[in-house]
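This report describes the structure shown below. The text moves from the domains to the contact of the chains and then to the sheets.

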Amino acid sequence: MNRVTNSMMNQIFLSDMHSNLERMLKLQRQMSTGKLHQKPSDDPLAVGRELSISTTIFENEQYLKNLDDAMMWLSNTDAALNQITDVMQRIRELAVYAGNGTFNETEYAAVAEEISQLQEELMNTANFSVEG
Amino acid sequence: MIDQIAALNEKIAQVKAVGGNPNDLLDRRDLLTEKLSELIDISVSTPLQEQDGDFKIDLHGKVLVQGSRTRHLVLVSVSGNEGFYDVQVEDNLFDHVDNTDVLLAAIEQKAPTAVHSVLVERLASETNWKVGSPGSLPNVASPDQALNLHGDFSLQVSSGGVVKTSHQFSGGVLPPPASNEPRDYIFRLAAGGFERVISVNWNDTGSRWEISDNAGNALSASPTLSLQDLSDFINTNYNSFNASVTSDGRLSIESSDKHLISLVDIKGDLTSQLGISDSAKTVTISVTEEDSLNAIANKINGAYMTDGGPSSPEEWLRASVEQAPDGTYYLTLESQVMGEAQRINVSGDESGGLYVAHNLGLLNSDGSTNFMTTAEDAFISFDGRKYLSSVNRFTEARQITPSDGYSAKNMSEVSSGITLKLAGTGMASVRVEHHVQGGKIYGTLEARDDLILSHLSAFDELAYRLALEMNALHYSGHGMGENADVTGTAFFVPLPRQYGAARSLTVNPLLEQDSSLIAAAADDGEGNSLGSGDGTKALAMARLKQTKVLSGGSADFNEFYLSFIAELGAQGRRTVTMAENQRALTDQINAQRQSVMGVNIDEEMMDIVKFQQAFNAMSRYITTIDEMLDTIINRMGIVGR
């Protein structure tokens, strides 16, 4: 029979208490940070998987952002092309309008002025840039 | 603490000599010993076990305390370990390396105890091969000036092993040529800084082959050129080579000072027929009249990662246009990876014409190469094993073994846990001995020497490969806008060597100043950009993330980092588990000790009651005796009174 002494009891009590406290600390840590693992050594396998998943999430977010950018670029291009179509339409109208030979000098000048304005607009539209 | 224990020993001996029982002093000695055992892995023997009756503490056979005599633990500075110290036992001090002029060594705790002998025969030059010659183009005042050159030349970055062995030939190599067969063969034989251009020509009048080189050596060979002829020519004229014909009919050429041999055909295909020519990918660059230096540089840079072209930084070089002191411009080619193995081989067009290569200043008219810098690998022999290394500080080097045809391509650990730093040539010996092999001090040493350093080197590898691969791709791409014709720009400031790479990883400041230098566009094969909207190179750089370029081509960046973290975690986990187990063990032993020496209050109470009762019993006994005596003395014999 093993002889049981008070200091043994003390020591065992203390070490048990410490291991319990350690567990509690860990749980509290998890509670306060909201994270299951603090260090890779908490669970190497799980942390590895978490890392690769978070990389994937990050990559997917970046892809989404790229998609958004591409969509915006396309819709801007679309709008610009629409605008150009409108302007071309107007120039065509003017050309047809002015083409019947009944205009006098000032009227021609006015039409020319408008066309050059429209040309300017065309240039601006064509040079449209998305986010720099 | 060792001194305190010794002093206590002395006092205890004194007290015991006069017959005392110094329990308090013994307790104090126990306590100190316990503390010492936490620091280092000592073993203790008490006077009862020892014949000489001394209290002894020793550390793996080295006595620290014996009676009142002591040996201390001393911090010894380790040369080559960045001002760190090793803990050694007094009177047993040693140096890890006996000749620090030759070698410094950083030794990890995991390195097994041994004495290694190291012979450093040559240091690494730690340079990249660079070809070019300043002032070779006297009329070129601008890098954009058309050169009016037309023709081809080809480039290759490679070299073979220290021994080259040819295919088997039973008869001769070259029979007398028929009228439509080639009569001239020219090839280049090079190793280290040595280079010769060797020609084999058919002599019509003598009806025999003639071997000659660009240094004026000549030999008349037989009508059917044999391996023995080539071997004789090499042996007679070149001291640094040993050639021989093996019994099974192969030509073997060995570099006697263990340089990497490079053999390239310039005209004809003699060395390929022999099977000894360098096998790396060769790129042919076509130059047309309107090409400027910049355009040629772009063509060369743009060849990286093209179909069938070089696909790793080791296999390619960087072309740039530099200005000579006299104001003219010239072309330089520089290998991307440091070391002798990345020799640049320039040869002419298919028929051996050197016109373009010579006019660009890459080759001399006799076919020898215009090197601006040459590279040499370190050559050491470690316990008899021979290694080459492109850097002077390494844990892994390329071992020269017959198994891979002496090509010394494969890295292997020189000796477990030892990092060598070469400082000079000569002999040195490395002594590995660990005095402290346990306890807190060992734990600290292990963390310092093994764990932290290995993690640092993981980061270094990550940074080095990232910079190397990114740069290799970036060199080959074109910028945009006004920099559309610029190739060869580095993305990161180039990192020459892996050690310390993580510390100095920086984006090229030129790119920060001018973002149009970012080379997203690929080359069209003619030295022009594919256009400012092209993103081929940008995609290729992004794809690097999934390319297996780390750990010798077995892991991509994510995997490398993951495995690094996983290993770190596993190490930590294992250590924690081990610590828990050890603690349970010591708890158990402690409990047993306490079971013997400890005090139980109930037991003491029992004892008190027991002794009280014994006392009472004794009192009763004495009272009874007393009464008896009283009766005897006072009441007996009173009859006669």
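In this predicted model, the centres of domain 1 of chain B and domain 2 of chain B, taken over C-alpha atoms, are separated by 76 Å. Domain 1 covers residues 2–71 of chain B, and domain 2 covers 130–373. Chain B also has domain 3, at 436–598, and domain 4, at 600–641.

**The contact between the chains**

How many residues does the contact take from chain A and from chain B? Chain A gives 18 residues and chain B gives 19 residues. On the side of chain B that touches chain A, helix α10 (residues 557–597) of chain B supplies the largest share, 15 residues. By type, this side of chain B holds 9 nonpolar, 8 polar and 2 charged residues.

The partner of α10(B) considered here is helix α2 (residues 44–98) of chain A. The axes of α2(A) and α10(B) are 8 Å apart, and the two helices pack at an angle of about 155°. Angles over 145 degrees count as roughly antiparallel, and α2(A) and α10(B) are therefore roughly antiparallel to each other. The crossing in which α2(A) passes α10(B) is right-handed. From α2(A), the contact is made by Pro44(A), Val47(A), Gly48(A), Leu51(A), Ser52(A) and Thr55(A). From α10(B), the contact is made by Asn558(B), Leu562(B), Ile565(B), Ala566(B), Gly569(B), Ala570(B) and Arg573(B). The residues of this contact of α2(A) with α10(B) divide into 7 nonpolar, 5 polar and 1 charged.

**Sheets and paired strands of chain B**

An open sheet of 4 strands in chain B has the order β1-β2-β3-β4, and its pairing is antiparallel. Which strands are at the edges of this sheet? The edge strands are β1 (43–45) and β4 (69–70) of chain B, each of which pairs on one side only. Where β3(B) pairs with β4(B), Gln66(B) stands opposite Arg69(B) in β4(B).

Another open sheet of chain B has 3 strands in the order β11-β17-β16, again with antiparallel pairing. Here the edge strands, each pairing on one side only, are β11 (163–168) and β16 (241–245) of chain B. With direction ignored, neighbouring strands of this sheet are turned by 10° against each other on average. Helix α3 (residues 227–237) of chain B packs on the sheet and touches β16 and β17 of chain B. The direction of α3(B) makes about 160° with that of β16(B). In the pairing of β11(B) with β17(B), the bridge partner of Lys164(B) is Ile253(B) in β17(B).

Strand β8 (residues 114–122) of chain B pairs with strand β30 (residues 426–432) of chain B and also with strand β24 (residues 378–382) of chain B. In β30(B), Val430(B) is the bridge partner of His116(B). In β24(B), Ser381(B) stands opposite Leu119(B). In a regular strand, side chains alternate between the two faces of the sheet.

| Strand | Partner | Sense | Bridges |
|---|---|---|---|
| β3(B), residues 62–66 | β4(B) | antiparallel | 2 bridges |
| β8(B) | β30(B), residues 426–432 | antiparallel | 7 bridges |
| β8(B) | β24(B), residues 378–382 | antiparallel | 4 bridges |
| β11(B) | β17(B), residues 250–255 | antiparallel | 4 bridges |

Key: Residues numbered from 1 in each chain as written. Chains lettered and ligands numbered in written order. Predicted model: local features only at pLDDT ≥ 70, side-chain atom pairs only at ≥ 80, totals over all residues. Contact = placed C-beta atoms within 7 Å. Nonpolar A, V, L, I, M, F, W, Y, C, P; charged D, E, K, R; others polar. Pairing = 2+ DSSP bridges. Domains from an automatic or database assignment. Axes fitted to C-alpha atoms, helices over the stretch in contact; angles between N-to-C directions. Parallel < 35°, antiparallel > 145°, perpendicular 65-115°, else oblique. Left-handed = near helix turned anticlockwise from the far one by under 90°.
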